[in-house]
Amino acid sequence: MNIDVILKELTLEEKASLCSGSDAWHTQPIPRLDIPAVMVSDGPHGLRKVNETADMSNQAAIEAVCFPCACATACSFDRELLSTMGKALGQSCKAEKVDVLLGPGCNIKRSPLCGRNFEYFSEDPYLATEIATAHIKGVQSMGVGTSLKHFACNNQETRRMTCSANMDERTFFEIYAAAFEGAVKNAKPYTIMCSYNKLNNVYCSENAFTLTDVLRKKWGFKGLVMSDWGAVNNRPLGVQAGLDLEMPTSHGVNDALIVEAVKSGKLDEKDLDRVVRNVLELVNKAESNSDETVTWDKQAQHELARKIARESAVLLRNEDSILPLDKSSKIAFIGEFANTPRYQGSGSSHINSFKVTSALEAVKNYCDVDYAKGYATDTDEADDKLINEAVECAKRNDVAVIFAGLTDIYESEGFDRKHMRMPSNQLTLIDRICEVCSNVVVVLHNGSPVELPFAAKVKGILEMYLGGQAVGSATCDLLFGEANPCGKLSETFPLKLSDNPSYLNFPGHMDDVQYKEGIFVGYRYYDYKQIEPMYPFGHGLSYTTFEYSDMKLSSQTISSTDELTVSVNVTNTGKFEGKEVVQLYVTDDLCSYTRPIRELKGFEKISLKPGETKKVMFKLDRRAFAFYCTDAHDWIVEEGDFTISLGSSSRDIRTSCSVYISSDDIIPIQLTVNSTFGDIISIPEGKKKLEELFDKINTDISSAQTDETMGAAAKKMVEAMMWEMPIRAVLSFTGKPIMTYKELENLISELNDELGQRS
Ligand code: BGC
C-alpha cells in the first residue's frame, strides 16, 4: 500500500480509528481502503494466541510450547541459543498467522521482589541488551515482529498503572534505559510497548521525553510504539508525545477524543498523520511477510525447550561433587515439584503448553527412583504426614533430591512479593530431610532469587528457574551428567532481602517510587558496599574446571575512539566436556564521577573438551568505557587508566590488564560566582586567570591566606577552606578590595567564553 496516497484518502475519523486496536489483539482494519488488521499475541517465551474472536473476558489460548522464561534464558549467556529460540517462536507465529509477538521484556531487575522478574533478563543492562538483541533478531528473522517491553522503568508490579518511577538522568540512561537502547539500535524491533507507569511523574504512554526525544531522536527508532494493555491516560497527549497505537480497543472513546482535539486545534493533524503512518508501515510489513505455507513442529520445539533449559540452568553449589548422581545409587526424588514442576509464571505470558515433562517422568530414562510428595503447593502449612513419609523415603535411600522453590501464589504479573523466603512447609521439609540424610541436593523452581537458609546443610543446589515445559527432562539430564551445567547467574542472590539496594525504597510510598540507590543496582551495589552475597552475579559451577591464561590486549594505550581487542586462552582442566562463560568487566580506575567497581562489558561462551584450550576474543568499543555524564547529557569517556578483568563470575576474576585511554571528550563546565577556587584552579584556563588576578595584588596563589607562622593544622584548614570557597569571596576575604562585583562577573563570563571555545 502506498502510505502517502492512503493518508490523503483517510477521513479524520478513520485516521483516529487506526490509532487503537479493533479488539484485544488486532489493529483496526479499514476494508474501504483494503487496509487489513495486524494480529499481535503474547510472548515472550511462547505463543499465547487467544481465540481470534475472543473478547477480554475469554482469553483461552491455543496449545503451544512454553520455552524457559527470561529469568532462565538470560543465564545461558548464549546469544546463539536465544536466537534459535527466537526463530522457533517466530515460526510458531508464522504458522498461526500472528504478525507481532509481544516481547521480550528487558526491564532491569531492581529488586528480587518484582513479581514479574521471571519475564525479565537481568540486573545488568549489557547482558539484558545482548540477550534481548538475540531474541529479537531470531523472531524477526522469520518475518515476525517483536514488541520490546515495557518502556520504561516498569520495575515493579505494585501500583504499576499509577506509580511514578522517580530517578535522575544518569540512572535512567545508564541503567534502566540502556538495555532498550542497545536492543533498539542492534536489533531494530518492529515495535516497542510503552509501560503502564509514570517516569518522573509523566505517564510513559504520553511521555514525549521517552517516546520521542530519547527513542526516536537519540536512538533512531523507526518502528511503532504501542501502549501496554490499558496504559493510555490521555490519548491526544499520547499522539502528540509519540504513542502510535493504543491497545486494546477503547471502543471508540479515545478515538473520538483524538478527532475532537484535532477539530479544536489542540492536536495538530500532522501529529496524527505521523502516528497513522507508523501504524500503516506496520501493516505493510505484516502484509509483505505473510506466508501461508509455514507449519510448526511442536514436538521438535519441545526438544529445543529441553535443550535451552539445560543450557540455562545454574549449578549454585556442588560440595564433594555430589552431582552428577551415580545412577547405581539409591535415589529419592522428594517434593511436589518433581511431579508437577513449576515451569512458568502467571499472567499475560502464561502458555497453554501442549505437554509438560516432569522430572519424575523423565527420570525413568535414567533409573528407578523412590518418590515422596513432601509438601502441598496450595498451602504453606507443613503437613506432618507428608513430611514423615518424605523423611522415611530419604532414610531408605543414599541421596535425596528435593524439588522446591516458589509456588504460583508467590510470584506473578500483577503483584510483588513481600519477602524473599520460600514457603515454610518446604523449608521445614528440607531441614527434616537434612537431619536424616547427608547427601541432599535441592533443585529450585523459582522466577527470582530466594533466601537459602539451608545452603550450608545441603551438598548440591541446582537452579532451574522457571525452565519451561521440558524442565523435568532437562533437570534429569543435568542431575545424571548427560549434560554439564553451564548457566551463570544473571542476577545476584543476596543473603537476605535487606541487603538489596532498593530495600528502603521498594515499592515506594503510594505512587511515589524513589530510585534513591541510583546507578548502584545489583552487583554494582554489592561490590561497592563490599557486601558478601549468597551467590554473586555471573556465578555458576560446572562438572569440570577451567583455567585462564595468556591474557593480551591489542594495545596498552588507545584513544577512546579506537577499538581494543582482548584475548585470553581458556583450558578445560577437568574430566567432563563443558562450557565456560568468560566474563569481561571494565573498571574506570580514576573517574572523577562515582562509578561502579566493575561493569560487565563482554562475555563469550565456549565449549571445551577435557584438556582442550581455546582462545577467546573480545572487541571493546568506546561505549565499554563510557559513563553517562549529566553535565554533558551524553556518554563520555574520561581520559585515564582502566582495568580489564576476565573471570568466571563477577567475584571470581581470574586475570586482568590495564589500558590507558586518551579521550577528547569534554565535560561542559559552566562557572558562576559560586564556583569554588578549587574548581576553578583545577581548570587550566581558570588557574591562569586566578594567577593573573593574584599577581595584581602581589600574592602567590598557592600561599594565599596562609603564612609561615601558621601551624600545620591551621594551614591545612585554611587551604581546605580556601579550596572550597566560592570565588565571590575574593570580594571580602582579601586584605584590601581587589575588584567590584561587576568585574568579578565579567571575569567569570570571560572564562565561560574561553571554556565554551574549548569544546
Ligand atoms: C502486560 C503486557 C502484555 C499485555 C497483553 C499486559 O498486562 O503488561 O506485557 O503484553 O498485557 O497481554
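Predicted model: local features only at pLDDT ≥ 70, side-chain atom pairs only at ≥ 80, totals over all residues.
Residues are numbered from 1 along each chain as its sequence is written, and side-chain values use heavy atoms, with hydrogens and water left out.

**Domains**

- The chain is assigned domain 1 (3–288), domain 2 (309–508 + 522–528), domain 3 (546–662) and domain 4 (677–758); such bounds come from an automatic or database domain assignment.
- Taken over C-alpha atoms, the centres of domain 1 and domain 4 are 55 Å apart.

**Ligand surroundings**

- The ligand is surrounded by 14 residues, and the closest are D42, R116, H150, D228 and E413; a residue counts as near if one of its heavy atoms lies within 4 Å of the molecule.
- H150 places a polar side-chain atom 2.7 Å from a ligand oxygen atom.
- For Y196, a polar side-chain atom is found 2.9 Å from an oxygen atom of the ligand.
- E413 has a side-chain N or O atom 2.9 Å from a ligand oxygen atom.
- A polar contact here is a pair of N or O atoms within 3.5 Å; within protein, one must be able to donate a hydrogen and the other to accept it, and residues adjacent in sequence count only if both atoms are side-chain atoms.

- N197 sits in the loop between strand 5 (191–194) and strand 6 (198–199); helices (H or I, at least four residues) and strands (E, at least two) are DSSP runs, numbered from the N terminus.
- With a relative accessible area of 1%, N197 is buried, where buried means under 20% relative accessible area, exposed over 50% and partly exposed in between (1.4 Å probe, protein chains only).
- The N197 side chain reaches the backbone oxygen of A152 at 3.1 Å.
- Apart from neighbours within four places in sequence, the contacts of N197 (heavy atoms within 4.5 Å) include C153, R160, C163 and Y203.

**Helix 6**

- Seven of the eight residues in helix 6 (residues 169–176) are buried, among them R170, F172, F173 and Y176.
- D168 caps the N-terminal end of helix 6, with a side-chain oxygen 3.1 Å from the backbone nitrogen of R170.

- An open sheet of six strands has the order 9-14-13-12-10-11, with mixed pairing; two strands pair if DSSP finds at least two bridges between them.
- Strand 9 (314–318) and strand 11 (370–372) are the edges, each with a single partner strand, so one side of each lacks a neighbour in the sheet.
- From one strand to the next, the twist averages 15°.
- Four bridges join strand 10 (residues 331–334) and strand 12 (residues 399–405) in the parallel sense, and A332 has A400 as its bridge partner in strand 12.
- Helix 15 (residues 384–395) lies across strand 10, strand 11 and strand 12, at about 160° to strand 11; axes are lines fitted to C-alpha atoms, for helices over the stretch in contact, and angles run from 0 to 180 degrees between N-to-C directions.

**Strands around strand 25**

- Strand 17 (residues 557–559) pairs in the parallel sense with strand 25 (residues 652–662) over three bridges, and S559 has S662 as its bridge partner.
- Strand 24 (residues 640–649) runs antiparallel to strand 25, joined by nine bridges, with T643 opposite S658.
- Two residues lie between strand 24 and strand 25 in their hairpin.
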